[in-house]
Amino acid sequence: MLPGSTNVYLCPNCSKSILQWTLASANGIGAKYFSDGRVKAPYFPETLRITRCGDCGTIFWLDRESIVDEFEDDDFREEDARKSAHYQEYGIWAEELDKEGWVKAIQEKVYRNPKEEVYLRKKLLWCLNDLFLVSYGILETVNSTLYLENASNLIKVLEDNSQKDLLLMAELHRNLGDFESCLEVLDQVTEPDLLPLAFAIFKKCNLKESKVFELS
Ligand SMILES: [Zn+2]
């Protein structure tokens, strides 16, 4: 995992400098795959697309066009070393939203198009599924009102013309206990790369199991 440049953004509300690292290279060693499409890869952290200002709490998108400055982690280049020292003193590192952050972003309709709504709802789904998995099912997040509301709304905004979205749609129907709809949607998944996951979901569906699972 090799670090790339650091991008600087400004909070649209309080103008605080928000820093976001980038990666020059990464690898998928040790990655874990889950039925909800999530990939947990320790050496391939995902670059953030949205964050919450650590000072005023405003949630905003980290768009490429909003980058106001950037610097490399290079002490031998005077300009970079100066910027790095300045921003590390006056800026805050962007952090990934937590459960409350995803919920707030959805409630405040921070999304600007259906694709961004899908992104936020998928992130909330993954967050709740992760809480369920890491607690060995003790935290029954997957039966909460929040989970059920998010899953059914995510089905509504997913486009059924993408094979990946179809697979997620099938998984969500299974999560909601609608096994018949799950099988119907699975039937439309034909992309060879997706068939192993489709088959794993199919098997769970036949067993009438609705919970998220890790792929072996
Ligand atoms: Zn702010």
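User: What makes E149 and R121 a salt bridge in this structure?

Analyst: In this predicted model, the closest N and O atoms of E149 and R121 are 4.0 Å apart. The cut-off is a Lys or Arg side-chain nitrogen within 4 Å of an Asp or Glu carboxyl oxygen, so the pair is counted as a salt bridge. E149 lies in helix α4 and R121 in helix α3, so the pair ties together parts that are 28 residues apart in sequence.

User: What places R82 and E79 about one helical turn apart?

Analyst: The two residues are three apart in helix α1 (residues 78-90), which means a separation of about one helical turn. An α-helix has 3.6 residues a turn, so residues three or four places apart point the same way. The side chains of R82 and E79 meet in a salt bridge at 3.4 Å, N to O. Both belong to a network of salt bridges that also includes D69 and K83.

User: How do you know that the length of helix α5 agrees with its number of residues?

Analyst: At 1.5 Å a residue, the 13 residues of α5 (residues 163-175) should span 18 Å, and the end C-alpha atoms are 18 Å apart, so the two values agree.

User: Why is α5 described as largely enclosed?

Analyst: Eleven of its 13 residues are buried, so the rest of the structure largely encloses the helix. Among the buried residues are L166, M169 and H173. The buried residues of α5 pack against α3 (114-134), α4 (145-157), α6 (179-186) and α7 (195-206).

User: What is found between domain 1 and domain 2?

Analyst: Six residues of domain 1 (2-93) are in contact with eleven residues of domain 2, which covers 124-206. The domains bury about 690 Å² between them, 55% of it on carbon and sulfur atoms. In domain 1, S35, D36 and R38 lose the most area to domain 2, together 76% of what that side buries. The count between the domains is two salt bridges.

User: What qualifies D130 and R38 as a salt bridge?

Analyst: Their closest N and O atoms are 3.0 Å apart, and the limit is 4 Å, so the pair qualifies.

Terms used
Residues numbered from 1 in each chain as written. Predicted model: local features only at pLDDT ≥ 70, side-chain atom pairs only at ≥ 80, totals over all residues. Heavy atoms only, no water. Helix = DSSP H or I, 4+ residues; strand = E, 2+ residues; numbered from the N terminus. Expected span 1.5 Å × (residues − 1). Buried < 20%, exposed > 50% of the residue type's maximum accessible area, 1.4 Å probe, protein only. Contact = heavy atoms within 4.5 Å. Domains from an automatic or database assignment. Buried area = accessible area lost by both parts, 1.4 Å probe.
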